[in-house]
Amino acid sequence: MAAQNLEILMSLAKRRGFIFPSADIYGGASGLFDMGPLGVELANNLKKLWWQTFIYGRRDMVGVDTAIITPSAVLKASGHVDSFSDPLIECANCRIRLRADHFEIGEGEAGWQARWAQECAKHAKRSEVSAKDREKAATAFAYFTENHQEATFWQAITCPACGERQFTEPRQFNMMFKTNLGAVESDTNVAYLRPETAQGIFVNFANVVDTSRLKVPFGIGQIGKAFRNEITVGNSLFRVRELEQAEIEFFVKPGEDEVWHEKWIDLLEDFCVNTLGLKKENLRRYAHPKEKLSHYSKGTTDLEYNYPFGGYQELAGIANRTDYDLKQHQEHSKQDLSYFEEATKERFQPFTIEPSLGIGRAILAVLVDAFQDYPEGRDGSGEAETVLHLAPKLAPYRLAILPLMKKDGLAEKAEEIWDQLAGDYNIAYDTSGSVGKRYRRQDEVGTPFCVTVDYQTLEDGTVTLRDRDSMEQVRLSVAAVREKITSL
Ligand code: ATP
């Protein structure tokens with residue numbers, strides 16, 4: 001997607017009520033977003049599809065919804081209190097902070113330079129990267145490649161914001177939001193907003209085993225908010241401080257972990273392509289090199305999406321967390337978190353495979369993939385049009401009902417049909433402007449079908465059903481419309 005189209009998409013997302021900056025009337029809050037009336041529908045549909053696929057669609061899975069505020073003991077055991085941090089460099093002159101690991105040599109010259117040039121543009125408040133930004137990025141990169149082994153090389157890199165050369169050495173910065181449980185602030189009641197939904201699942205492992213009839217291999221899924229005080233945020237929902245994750249902890253017998261890891265990479269990719277409708281050519285797998293793995297991981301593969309800002313970046317991660325988390329919680333809580341396998345009479349600590357999908361990043365990918373701009377229009381009118389070719393099950397409105405006119409009882413008839421069809425999905429109702437304009441308004445937000453109520457409807461009860469993508473129109477009874485949209 002071209003930068004110009006990204007801008008059109010982002011302004012559409014705000015103008016049509018998908019995504020709003022949080023606390024907008026106070027100038028917004030960095031890294032926080034609110035979902036508008038259409039955004040919440042898209043997000044709910046996406047989460048529903050995930051839940052249907054992985055919880056309802058599998059006999060070996062159950063869901064949970066665990067507390068967001070997490071006592072320190074849990075996150076101490078998981079390692080987050082001591083090591084959930086990112087390396088931070090700070091410009092001593094203008095105080096901007098950047099993630100040092102975003103500027104590592106591993107991603108290659110093009111990626112590094114693109115990121116740096118983007119930072120230059122962002123801090124100069126330009127929406128597009130200019131030739132000057134690229135020049136600065138090239139100089140910084142040349143310096144970086146020549147000197148990156150030296151202890152002081154950060155200090156010689158030109159700051160993308162102010163142009164000075166005064167970066168500090170990388171320092172570790174813990175990204176968790178800290179609070180206290182109860183009125184008194186003390187070391188004994190420290191808690192954090194969870195940085196991932198996973199730990200709520202691990203601490204409930206024994207509860208779920210005791211209360212369900214599941215046997216290893218089985219999984220527990222959860223969708224919920226997580227919070228990370230990211231050093232730098234940006235690119236809309238891509239990097240935010242309050243995020244939403246759809247995570248599964250899938251418990252397997254040690255020794256079977258690698259096979260299940262591969263299986264879950266395939267399953268999550270299949271969900272992205274065949275259920276969310278992302279184009280396969282915009283997705284790729286990235287296996288983390290051993291030296292870059294998190295402290296708990298034996299192997300992690302990311303599904304990367306080709307975002308229009310900065311190219312392929314993480315959409316989801318599938319990690320083999322080994323028996324690390326259950327062991328840690330067993331040791332710290334002094335509770336038995338092992339598993340007894342009846343069939344073999346063996347007791348063991350299961351390994352965990354974790355497929356983790358960011359809801360916000362999935363929404364962004366879905367919007368980018370669905371967006372299509374038609375500068376000359378699609379019907380020969382010469383008028384520019386935008387269509388979101390969303391998978392129908394994701395679309396904020398499944399259907400729009402449009403009376404041809406407000407008069408002659410057409411609006412009343414359309415409202416009657418709306419009442420008949422409403423309940424199971426979101427239906428738009430629009431009476432203003434020509435029907436052509438109304439079709440375009442619906443195309444722009446991805447509504448897969450429009451129903452037009454006209455004079456013939458008053459006579460024989462049939463309506464026109466128009467398809468967003470083919471623009472074909474057919475005459476159907478209201479019952480047939482219902483069948484068509486429920487059978488999707
Ligand atoms: P990154 O390397 O981009 O910081 P991560 O490896 O820390 O991501 P995970 O801890 O694996 O991310 O989290 C699982 C998923 O949660 C990610 O694949 C991503 O989709 C989402 N996610 C993580 N951090 C953020 C964030 N700050 N904003 C939006 N989504 C996020």
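**Reading the model**

A: Start with a single residue in this predicted model.

Q: Where does A23 lie, and what is its phi?
A: A23 sits in the loop between β1 (19-21) and β2 (33-35). Its phi is near 55 degrees, a positive value in a residue other than glycine.

Q: Which value of phi does K345 have, and is the residue buried or exposed?
A: K345 is not a glycine either, yet its phi is positive, at about 55 degrees. The residue belongs to the loop between β15 (339-341) and β16 (346-348). With a relative accessible area of 56%, K345 is exposed.

Q: How do I read the pairing in a sheet?
A: Strands of a sheet pair through backbone hydrogen bonds, either parallel or antiparallel. Here, three strands form an open sheet in the order β6-β5-β7, with antiparallel pairing. β6 (97-99) and β7 (171-174) are at the edges with a single partner strand each, so one side of each has no neighbour in the sheet. Neighbouring strands of this sheet are turned against each other by 50 degrees on average, direction ignored.

Q: How many bridges join β5 and β7?
A: Strand β5 (residues 85-90) pairs with β7 over four bridges, in the antiparallel sense. To follow one of them, take L88, whose bridge partner in β7 is R171.

Q: Which residues form a nonpolar patch on the surface?
A: The patch consists of L404, M405, Y455 and L458, which together have about 320 Å² of accessible area. Of these, L404 lies in the loop between β20 (399-403) and α12 (410-421). L404 is partly exposed, its relative accessible area being 34%.

Q: What should I look for at prolines?
A: Check omega and the surroundings. The peptide bond from V216 to P217 is cis, with omega near 5 degrees, and P217 is in the loop between α8 (205-211) and β10 (218-227). Another proline, P308, is in the loop between β13 (299-307) and β14 (311-322) and counts as partly exposed at 22% relative accessibility. P308 and S236 are 72 residues apart in sequence, and their C-alpha atoms are 12 Å apart in space.

Q: How do I read the chain as a whole?
A: Count the elements, then check the dimensions. The protein chain has 15 helices and 24 strands. Its radius of gyration is 26 Å, close to the 23 Å that the globule rule gives for 488 residues, so the chain is as compact as a globular protein of that length. The C-alpha trace spans about 80 × 65 × 50 Å along its principal axes. Of the 488 residues, 49% count as buried.

Technical notes. Residues are numbered from 1 along each chain as its sequence is written. This is a predicted model: local features need pLDDT of at least 70, side-chain atom pairs count only at pLDDT 80 or more; totals for chains, interfaces and linings use all residues. Side-chain values use heavy atoms; hydrogens and water are left out. Two strands pair if DSSP finds at least two bridges between them. Helices (H or I, at least four residues) and strands (E, at least two) are DSSP runs, numbered from the N terminus. Axes are lines fitted to C-alpha atoms, for helices over the stretch in contact, and angles run from 0 to 180 degrees between N-to-C directions. Patches are made of residues with over 30% relative accessible area and no salt bridge: like charges are joined within 9 Å, nonpolar side chains (Val, Leu, Ile, Met, Phe, Trp, Tyr) within 5 Å. Accessible areas come from the Shrake-Rupley method with a 1.4 Å probe; for residues, only the protein chains shown count as cover. A salt bridge is a side-chain nitrogen of Lys or Arg within 4 Å of a carboxyl oxygen of Asp or Glu. Buried means under 20% relative accessible area, exposed over 50%, partly exposed in between (1.4 Å probe, protein chains only). The radius of gyration is taken over C-alpha atoms; the globule rule is 2.2 Å times the number of residues to the power 0.38.
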